[in-house]
Amino acid sequence: MYQWRKFEFFEEKLGGGKCKIPDEINGKIECCSSGRGKLVIGCEDGTVSLLDRGLNFNFGFQAHSSSVLFLQQLKQRNFLVSIGEDEQISPQQSGMCLKVFDLDKMEPEGSSTTGPDCIGILRIFTNQFPQAKITSFLVFEEAPPILLIAIGLDNGCIYCIKGDIARERITRFKLQVDSASDKGNSAVTGLGFRLDGQALLLFSVTPNSVSLFSMQDQPPRRQILDQIGWNVNSVTMSDRSELIIGRPEAVYFYEVDGRGPCWAFEGEKKFLGWFRGYLLCVISDQRSGKNTFNIYDLKNRLIAHSLVVKEVAHMLCEWGNIILIMTDKSALCIGEKDMESKLDMLFKKNLYTVAINLVQTQQADPAATAEVLRKYGDHLYSKQDYDEAMAQYIRTIGYLEPSYVIQKFLDAQRIYNLTKYLENLHEKGLASKDHTTLLLNCYTKLKDVEKLNVFIKSDDGVGEHKFDVETAIRVCRAANYHEHAMYVAKKAGRHEWYLKILLEDLGRYDEALRYISSLEPSQAGVTVKEYGKILIEHKPAETIDILMRLCAEDVDLGKSGTSNGSYISMLPSPVDFLNIFIHHPESLMDFLEKYANKVKDSPAQVEIHNTLLELYLSIDLNFPSISQANDGIDFNRPAAPVMSRAMSNGKLVVNDKNSYIENETLERREKGLRLLKSAWPSELEHPLYDIDLAIILCEMNAFKEGLLYLYEKMKLYKEVIACYMQANDHEGLIACCKRLGDSGKGGDPTLWADLLKYFGELGEDCSKEVKEVLTYIERDDILPTIIVLQTLSRNPCLTLSVIKDYIARKLEQESKLIEDDRRAIEKYQEETLTMRKEIQDLRTNARIFQLSKCTACTFTLDLPAIHFMCMHSFHQRCLGDNEKECPECAPEYRSVMEMKRSLEQNSKDQDRFFQQVKSSKDGFSVIAEYFGKGVISKTSNGPQANVRSGSSGGF
């Protein structure tokens, strides 16, 4: 033990550590206790005194009449338990009493005694528990208010008192440690309680034995731990509830199962104590006669403090200090230095290992431990002991900034140490992207493939989530360690990186396709979008197969579980993959055709049909933008030869591909026309493609057949004939008008008028066509003759012979109409003259009513009777209340009046009037009809009408 280093980790307090017990305590000190921020001293005169932190006298009181032998300040409650001598009640009964004082309650002023309230007094010795000398005393606080008091005697017995002493609800029992035959060696010199889980254990020490009682058993069971014990004051308990016994040759520790470790501290142990993990010993040197107070740090094997002291009477621990009370009533107060002071002391002596052990055993802040390790590492680094310095720096990981260490070891000669540090940094999951980059660069510079494999490919998961995956892949790629980069990417599920290496670095397209096929559909779709352009360029057929599996796989199976439309909507859409075909329209056309043939009700079929139309109708099979012009190319005319030219030995080599391109273009346009028709079924109002886009594509690419189909389907008949007119196709134009101009079949007869206008402005001889057009105009009476003549007069190439027959027939027809109108006029004039004469007769001549029967009931007419000017007569009783109009003529009159009101109302509906004029073949006839009905025959000036209507009103 002499090899143990000595340090001054403690210092003397309270005026250099030397002070005196207050003069108020004038008796001999028999016992002491501490707790709850105070020091309690018992004297031989029966008084108990309380001292504060500065060892100043607070107050005292008379606890016992004679002397105080033992004291214990409780921790949970502010109770003081004392054993002392009081007056004897009888000579046969001992005066030894146990008292419990409540220090929070003081006796009221004016009472006979001043001091704390004594809440319990108990006679220790009774008939069942005979008197003996008390050698040890200990109180264990159970759940309040229960106390367990153990009193050790010189006869080898332990008297136990358990219960609520204040209420005198107690039980007593006795434990026999040693037999009383050898009275000098059977005294119980030490006691110690230990709570092991729910089990309460009691250590007992005699000069001959060390025993352990299990207090849970009834009666308590004794277990002998050692056959050797020791004397009073050399027994204490550690903070781990270990029993400690100090014998002259060593200090022994005892567990529940027997003797534990021992420490060979020579000398007589007068006092033993335990303070914050330190062992306190007052050792008497027999040769010099001096007493030495040592504080041992058993974990670090050092002496934290050593001091020669006087004769020690009592040793206590309170307020974080150690208090030694001497026999001469002087006191020594010793306190531990703070951690920073202790470390500074060690650093000055370069005792870094001791400092490290010290902070670790005292459970210091991990950051403080790391700081000590850093200083130790710096010390070793300054001595060029790089390996050991790195070992210390590694222990600081998590608390010391890694850049501090990395900066020191960036030199190429110390790359091995740097690699080791970075490896540990990754193992603890504290590495950043830069650290990963640096570590992998170290491996590649050292060409240490084995360590790289361990870091990247270890089977036990080393490296998994320990580094930044993307950084590792990037560094491995840059160093041409492609297999390692692929392994990391695959293990981490970074499919995009795995494929990027396969395709861009290694060019292994087949393997990339197999890898994509093995992925989940969602992941496969993302990777195809990312790298589909490369795959389409090198493996178009295989890539299209993968896309078909993604977009249309198990479509038939989906029909059984859910509706086909809802199942397809959960699959990726082909539209999402259009961008990968940007430079390969042939492959795109193949893919979309396969998809459209397999999936009939795709949610994206409109977009698919639009794209197919662009491909089918495009002139050079690319993606023509709608805003681009078609450069005047007309595929309805013979295509010009398309040449590809190359120079060979100075001569021009020409390869005519006209035939192939023409056939391929015609085939695509046939597909386009089929798609236009099939995607617009008759039962649908709108097609399954964008109609506006389709028209623009047909116009841009001069696709006449498609344009005609779309116009006709949209009933834009004028646009249809405009196409024929633009192409100067007279036969097709007339045939189209025959098909679309028949009003009986829902056609537009006005097309013939447009056709006649076209021929009238043509400027060339088209007599045959004009005659045929006039036939249909005449048949349906589409245009007045004067309009026909005016229209055809603009064409100087037409002669009168073209319309001679037409004019003759029209004149003959007009003559018949004029004759019919003349006869109708004469008829109306005669009827009008007759009506006027009748009106005049009614106004001027009397009417003779000669009817003899009632028109309503046909009975003989008698008075009272009513006669009407229409020559109808009625009984008054047959008319009832309606005597003002003839029942026979009233309905006809009302219908006429209703018709008149209706005509007047219609005259106010100008929109209807103009619509009739516009839709009629002869607008003049409509106007004449309105005049004839008298609807618009009367006109009135606004102001006069207003005056007239105002004058006729009144109240």
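The model is predicted. Two cis peptide bonds are described, one joining Q218 and P219 and one joining L863 and P864. The aromatic rings make 26 pairs.

**Cis peptide bonds**

- Q218 and P219 are joined by a cis peptide bond, with omega at about -5°.
- P219 sits in the loop that runs between β18 (209-214) and β19 (221-226).
- Another cis peptide bond links L863 to P864, and omega there is about -5°.
- The loop holding P864 lies between α27 (801-844) and β33 (865-867).

- E168 is not a glycine, yet its phi is positive, at about 55°.
- This residue, E168, belongs to the loop between β14 (157-164) and β15 (169-176).
- E168 has 63% relative accessibility and counts as exposed, because the cut-off for exposed is over 50%.
- N350 is not a glycine either, and has a positive phi of about 60°.
- The loop between α1 (339-348) and α2 (352-361) contains N350.
- With 42% relative accessibility, N350 counts as partly exposed.

**A buried glutamine**

- Q73 is part of strand β8, which covers residues 68-73.
- The relative accessible area of Q73 is 1%, so the residue is buried.
- From its side chain, Q73 reaches the backbone oxygen of F79 at 3.3 Å.
- Leaving aside residues up to four places away in sequence, Q73 touches several others, among them S33, S34, G35, R36, N78, F79 and L103.

**Aromatic pairs and a cluster**

- The count of aromatic pairs comes to 26.
- One aromatic cluster is formed by Y381, Y386, Y393, Y404 and F409.

**Charges over rings**

- Which residue lies over the face of Y252? R247 does, at 4.5 Å from the ring centre.
- K342 lies over the face of F9, and the distance from the ring centre is 5.6 Å.

Note on methods: Residues are numbered from 1 along each chain as its sequence is written. This is a predicted model: local features need pLDDT of at least 70, side-chain atom pairs count only at pLDDT 80 or more; totals for chains, interfaces and linings use all residues. Side-chain values use heavy atoms; hydrogens and water are left out. Helices (H or I, at least four residues) and strands (E, at least two) are DSSP runs, numbered from the N terminus. Buried means under 20% relative accessible area, exposed over 50%, partly exposed in between (1.4 Å probe, protein chains only). A polar contact is a pair of N or O atoms within 3.5 Å; within protein, one must be able to donate a hydrogen and the other to accept it, and residues adjacent in sequence count only if both atoms are side-chain atoms. Contact means heavy atoms within 4.5 Å. Rings of Phe, Tyr and Trp (its six-membered ring) pair if their centres lie within 6.5 Å; planes under 30 degrees apart count as stacked, over 60 as edge-to-face and the rest as tilted. A charge sits over a ring if NZ of Lys or CZ of Arg is within 6 Å of the ring centre and within 35 degrees of the ring normal.
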